[in-house]
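Q: Please take a close look at one part of this structure, the aromatic ring pairs. Which rings pair, and how are they arranged?

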Amino acid sequence: MMKELEKNPEKLSIVVIEDNRGDFVLIEDFLIEKFKLVEIIHFRDFKTAVNFLETNKQNVSVVLLDLNLPDKQGMELINDLLCYNFQTPIIILTGYSDLVMAKHSLQIGISDYLIKDELTPVVLHKTISFAINRNSFINHIESEKVNYENLFNFSPQPTWLLDSTTLKILNANKAAQNKYGYSLEDFLERSFTDLHPEKEVLLIEQKLASDGEELVRYPFTHFLADGKEIKVDIYSKAINYSISGGLIVQSNDITKTLKRISTIEAQNAKLKEIAWTQSHVVRAPLCRILGIINLIEEESNNPADMEFWLKQLRVSTNEMDDIVKNIVNNTNNFEEE
């Protein structure tokens with residue numbers, strides 16, 4: 001890591017918060033010896049240093065902090081500085097060894113803890129190099145975390161993060177909150193199975209345990225906050241999350257799709273009925289009409305029979321007309337649906 005910084009021509013800006021003039025001069029000498037491009041900014045008290053950091057935090061590479069300042073000391077100093085969340089690595093320089101404080105400082109966000117009597121140019125250089133690179137890596141991870149959280153929260157599909165063992169809801173995105181009518185707090189009090197009717201609990205547990213593999217496509221039922229039921233497809237994938245692991249789960253409302261399918265099936269039934277009518281009901285009067293025409297042609301010299309067959313022809317034609325009207329009416333109803 002030290003070699004990485006030596007190859008980097010960018011200038012480092014190091015803030016030293018130290019009230020002891022002799023200690024500062026020594027630290028300044030070490031920094032100048034080991035860093036070719038370095039700007040050293042010196043403050044003697046906490047208040048002045050914080051005022052500077054608040055307006056220049058983006059330009060500061062690292063902070064070297066003495067634990068005994070005129071206006072603050074010890075853990076109070078550390079906690080107050082960390083409260084500002086400057087996202088700049090902080091290295092403590094102290095004249096005495098306190099392992100308990102050192103351990104606690106590192107746990108709450110301090111980058112490193114050095115004893116002044118043990119300080120050398122090499123140790124200081126390595127510590128600063130490590131702190132800057134580590135901080136850069138952490139900031140990158142945090143940035144990626146924010147990106148993934150945005151992808152989760154702004155997905156248009158209702159999405160949940162579940163504990164893979166208990167199926168307890170750990171997070172729910174905006175789409176889930178808007179679609180289901182529950183607040184995030186409401187979701188966090190529930191298990192994912194609470195959204196399902198009791199008869200589906202075992203089936204949804206089996207599906208979520210399949211790690212995204214499709215078993216049988218099954219439209220599940222979900223209850224909204226207002227009691228309304230919707231039909232949904234469920235998609236899930238296991239992820240690394242905490243000790244027990246996690247599941248990302250999405251639902252897709254297919255209520256309207258299923259309704260459309262039902263409507264299409266009903267329309268298909270009507271089409272079959274119309275087709276049957278055309279092939280059977282229409283055929284009967286049509287056959288009679290054709291038969292009557294044949295008889296008229298054979299008995300065209302008999303006026304009495306001709307009148308009878310013309311009446312029969314009219315009856316069959318009217319019957320045919322009624323059937324056609326009925327077909328047209330059914331077709332119009334079909335189109336309206």
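A: In this predicted model, start with W160, which counts as buried at 0% relative accessibility. Its partner is F192, and the two form an edge-to-face aromatic pair. The ring centres are 5.2 Å apart, with 70° between the planes. Planes over 60 degrees apart count as edge-to-face, so the 70° angle settles the class. F192 is buried too, with a relative accessible area of 0%.

Now place the two residues. W160 sits in strand 6, residues 159-163. F192 sits in the loop between helix 8 (184-188) and helix 9 (201-208). The pair therefore ties together parts that are 32 residues apart in sequence.

W160 and F192 also belong to a cluster.

Across the whole structure, a search finds eight aromatic pairs. One of them joins Y84 and F86. Here the centres are 5.3 Å apart and the planes lie at 5°, so this pair is stacked. The cut-off for stacking is under 30 degrees. Y84 is partly exposed, at 34% relative accessible area. F86 is buried, at 10%.

Helix 4 covers residues 74-83, and N85, which follows this helix, has a positive phi near 50°. Within helix 4, G74, L77, I78 and L81 are buried. They cover an arc of only 95° around the axis, which puts them on the same side of the helix. The buried residues of helix 4 pack against helix 3 (46-56), strand 3 (62-66), strand 4 (90-94) and helix 5 (99-108).

Methods. Residues are numbered from 1 along each chain as its sequence is written. This is a predicted model: local features need pLDDT of at least 70, side-chain atom pairs count only at pLDDT 80 or more; totals for chains, interfaces and linings use all residues. Side-chain values use heavy atoms; hydrogens and water are left out. Buried means under 20% relative accessible area, exposed over 50%, partly exposed in between (1.4 Å probe, protein chains only). Helices (H or I, at least four residues) and strands (E, at least two) are DSSP runs, numbered from the N terminus. The arc is that of the directions from the helix axis to the C-beta atoms. Contact means heavy atoms within 4.5 Å. Rings of Phe, Tyr and Trp (its six-membered ring) pair if their centres lie within 6.5 Å; planes under 30 degrees apart count as stacked, over 60 as edge-to-face and the rest as tilted.
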